[in-house]
Amino acid sequence: MEIVVSGIRPTGNLHLGNYFGAVKGFLQMQHEYDCKFFIADWHSLTTHPRPLDIQASTRTILSEYLACGIDPEVATIYVQSDVPETAELYLYLNMNAGIGELMRTTSFKDKARQQLHIDRTHPTEGDVEREIFNEGNKHSVSAGLLTYPTLMAADIIIHKAVKVPVGKDQEQNMEMARRFARRFNATYGVDLFPEPASFYYSHKAVKVPGLDGSGKMGKSEGNAIYLVDDEKTIRKKVMKAVTDSGPTEPNSVKPEPIANLFSMMEIVSTKETYDYFNEKYNSCEIRYGDMKKQLAEDINAFCAPIRERILEIQADRTLLDRVAREGAAKARESAAKTLQEVRQIIGFKAY
Ligand code: TYM
């Protein structure tokens, strides 16, 4: 069976972006592949180095994975920090990773701007490099953030995964993972690691939009609708979505905030509902209030059963501990096998 790996950082609750970008793919793949889904607690330290309670955050994602329908009987579910073999592979990969290529990744630049307190809305050429070396800037960027893609590559190739279900925002990290896998093989003249490909359940990369007019739904964007949100919260968030005064010409091109509203509807509502509002838009009869009400209802219908299961599972500490413990054992077994090969290839003593 082909091997599949993916992870999510425990930086809060799962939102619709995580679900439709990643988890939906996990659910589709779990019965057809040898799946390993993990909680990327080490990665969360790249932006939150002093977590309040990392175990509680990890349990949150674990219960949400289970509530969404990931079955620990068929997929391996584990916590990244329970598999220390990954950290050793990360160390080896870093020996062959260039500072320049890591610094050029867009997610590094974006998060570095945040950590260095540079204006993210008006990035300029060379601003990150300048501020990194500016001794006057009392903020700094961590080497952990810089090497985020190397750790992600290690997560994937430690199990020799060939497919990785992720959202569109991970494309560049995936490109780096392939590059590091290729480079390891070339450096040591072996054919150890396959090149992992992104997997999209709908055959094209998914980007769940924010409803605040911004491109992407995300925790750090502050525009996320969480799977655990109750009906009232969902309604409030959707009714706040940015709209305009409506089209004046039939069949006009939709401006971004409106296009986002429609994209969200395409994801959670039926085709009939989507077509109905699309026609209303095209004939300039759209009433955004009605559209939002319908969208809120459809989002709630989708989240409600998951929400109920989250609350149930979250309370079951015995179950959560068992899943994490059994998952860790299985993941370590697979990781240790690869690491043994890696050590031998580089030339360390194989005990
Ligand atoms: P994270 O925690 O940021 O996001 C987890 C998953 O959710 C997807 N996602 C989205 N997809 C579509 N639209 C959105 N608005 C949206 N927001 C989030 C992400 O694409 C991702 O699939 N680097 C990873 C964590 C990771 C990982 C790995 C993933 C660490 N190691 C190895 C795969 C394999 C991340 O940032 O996840």
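Trainee: Which residues does the domain assignment of the protein chain give to domain 1, and which to domain 2?
Mentor: This is a predicted model, and the bounds come from an automatic or database domain assignment. Domain 1 is put together from the segments 3-97, 147-207 and 316-346, whereas domain 2 is given as 231-312.

Trainee: What distance separates the centres of domain 1 and domain 2?
Mentor: The two centres are taken over C-alpha atoms, and on that basis the separation of domain 1 and domain 2 is 33 Å.

Trainee: How many residues does the contact take from each domain, and which helix gives the largest share on the side of domain 1?
Mentor: The contact takes five residues from domain 1 and four residues from domain 2. On the side of domain 1 that touches domain 2, the residues divide into three nonpolar, one polar and one charged. Four residues, the largest share of that side, come from helix H3, residues 54-68.

Trainee: How many of the 15 residues of H3 are buried?
Mentor: A residue counts as buried when 20 or more other C-beta atoms lie within 10 Å of its own. In H3 the buried residues are Ser 57, Thr 58, Arg 59, Thr 60, Ile 61, Leu 62, Ser 63, Glu 64, Tyr 65, Leu 66 and Ala 67. The helix is therefore largely enclosed by the rest of the structure, the number buried being eleven of 15.

Trainee: What covers the buried residues of H3?
Mentor: The cover includes strands S1, S2 (34-39) and S3 (76-79), and it also includes helices H2 (41-44), H14 (288-314) and H15 (317-346).

Trainee: What does H3 reach from its first C-alpha to its last, and what is the phi of the glycine that follows?
Mentor: With 15 residues, H3 reaches 21 Å, close to the 21 Å expected at 1.5 Å a residue. H3 is followed by Gly 69, whose phi is positive, near 115 degrees.

Trainee: Is Thr 58 buried or exposed, and with which residues is it in contact beyond its neighbours in sequence?
Mentor: Thr 58 is found in helix H3, and it is buried, with 22 other C-beta atoms within 10 Å. Leaving aside the neighbours within four places in sequence, the contacts of Thr 58 are Pro 10, Ile 39, Asp 41 and Val 79.

Trainee: How far apart should the ends of helix H13 be at 1.5 Å a residue?
Mentor: Helix H13 covers residues 271-282, which makes twelve residues.

Trainee: Is Cys 284 buried, exposed or partly exposed?
Mentor: Cys 284 lies in the loop between H13 and H14, and it has a positive phi of about 60 degrees although it is not a glycine. With 13 C-beta neighbours inside 10 Å, Cys 284 counts as partly exposed.

Trainee: Where does His 117 lie, and is it buried or exposed?
Mentor: His 117 is in the loop between helix H6 (106-115) and helix H7 (127-132). Its phi is near 60 degrees, a positive value in a residue other than glycine. Because it has 11 C-beta neighbours inside 10 Å, His 117 counts as exposed.

Trainee: Which residues come nearest to the ligand?
Mentor: Strand S1 (3-8), helix H1 (16-29) and helix H9 (148-157) each supply at least two residues of the shell around the ligand. The residues of this shell divide into eleven nonpolar, ten polar and six charged. Of the 27 residues around the ligand, those that come nearest are Gly 17, Gly 21, Ala 22, Val 166 and Gly 167.

Trainee: What percentage of contacts between residues at least 6 apart in sequence join residues at least 24 apart?
Mentor: Of the 351 residues of the protein chain, 40% count as buried. Among the contacts you ask about, the share that joins residues at least 24 apart is 77%.

Note on methods
Residues numbered from 1 in each chain as written. Predicted model: local features only at pLDDT ≥ 70, side-chain atom pairs only at ≥ 80, totals over all residues. Near = placed C-beta within 6 Å. Nonpolar A, V, L, I, M, F, W, Y, C, P; charged D, E, K, R; others polar. Buried ≥ 20, exposed ≤ 12 C-beta atoms within 10 Å, placed from the backbone. Contact = placed C-beta atoms within 7 Å. Expected span 1.5 Å × (residues − 1).
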